[in-house]
Amino acid sequence: MKFISALAVSAATLASAPAFADITVYSYRQPELVSPLLDAFSKETGIETNLVFLNKGMIEKLQAEGDRSPADLVMTVDISRLQALVDAGVTQPVVSETLNANIPAEFRNADGQWFGLTSRARIVYASKDRVKDGDVTTYEDLASDKWKGRICIRSGTNAYNLALASAMIAHHGEEGAKTWLEGLKSNLARKPSGNDRSQVKAIHAGECDISLGNTYYMKQMLEDPDQVAWADSVRIVFPVFEEGGTHVNLSGVALTKAAPNKEQAIQLMEWLSSEEAQEIYAQVNGEYPLKEGTEASDLVKGWGTFTPDNKPLGEIAKLRPASLKLMESVDFDG
Ligand code: FE
């Protein structure tokens, strides 16, 4: 795999007018999470890949490049980002028996415009010292008085929190979700800031007792000598919606509209859904694989089991604008 920075990509693409087909992947996912997969694919098939990591502006970039875009595939996390690519018209549908067989229907777009590859749950990190078993119950309960001054969370406009609030809208309507957000905000120990791991750091420091975060960050903290103490100060609890399960989100892949190497790109998509790739995801990223019959890593399984929420992810993706409006109307970060 060749790793090309976003700034260098135009020049690099021109310079390497391909004598053979490389697949180019635009990714919002960190290179260290994606590279092990692309390397394994290349080793197996001989098809080289270019990974272009982007921080933001993927849609704008694809639209500006139009038909001449070198990108074949886009990879990102978050259901609403996947849907936004479709809505912007920069993807094309893929009809693949392999993908349809490997990825359960609820984790892919009905028209084949995007496919989920892994899932993650948005859970509670709870202080081992200050939170008892059974204290954390539902997402709704996080707005109750018992958590006054005890919760840390990152910005309400972060994609993960917007998706969670969207799910709250799906369960309780906009008014219900607004009341919940106000209650949650009034329970915060400090203004939202930092990332999911910063909140666990704050629990370790005694600033708060619980935080919301994605499951795989536990693995990342355990592997970082500077963060392992944060991880050791908490345990993972899977909250549920009162009439549902635990909120999950996806990482996924889509074929770009302009894909110059469509055939190979679909081959890569199919491979990413294979048992071999799904197991790499499970082991390297600490995420939940989606292919039936593949399992999470032993570490991840040790966190416990949960039932994913019953609201369709497609519905949650569509509620993102409403969710963002609510976050602004309650001045969640203020
Ligand atoms: Fe993340």
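## Exercises on a predicted model

The side chain of Asn-161 makes a polar contact with the side chain of Arg-122, at 2.9 Å, in what is a predicted model.

**Exercise 1.** Determine where Asn-161 is placed, and whether Asn-161 is buried or exposed.

*Solution.* Begin with the secondary structure, where Asn-161 falls within helix H6, which spans residues 159-186. Next take the relative accessibility: because the value for Asn-161 is 2% and buried means under 20%, Asn-161 counts as buried. Finally, list the neighbours, leaving aside residues up to four places away in sequence: Asn-161 touches Arg-122, Ile-153, Arg-154, Ser-155, Gly-156 and Met-327.

**Exercise 2.** Find which residue forms a salt bridge with Arg-235, and state what parts of the chain the pair ties together.

*Solution.* The partner of Arg-235 is Asp-133, with the closest N and O atoms 3.3 Å apart. Arg-235 lies in strand E9 (residues 234-237), whereas Asp-133 lies in the loop between strand E6 (115-127) and strand E7 (151-152), so the pair ties together parts that are 102 residues apart in sequence. As for accessibility, Asp-133 counts as exposed, at 70%.

Technical notes. Residues numbered from 1 in each chain as written. Predicted model: local features only at pLDDT ≥ 70, side-chain atom pairs only at ≥ 80, totals over all residues. Heavy atoms only, no water. Helix = DSSP H or I, 4+ residues; strand = E, 2+ residues; numbered from the N terminus. Buried < 20%, exposed > 50% of the residue type's maximum accessible area, 1.4 Å probe, protein only. Contact = heavy atoms within 4.5 Å. Polar contact = N/O pair within 3.5 Å; in protein donor to acceptor, adjacent residues only side chain to side chain. Salt bridge = Lys/Arg side-chain N within 4 Å of Asp/Glu carboxyl O.
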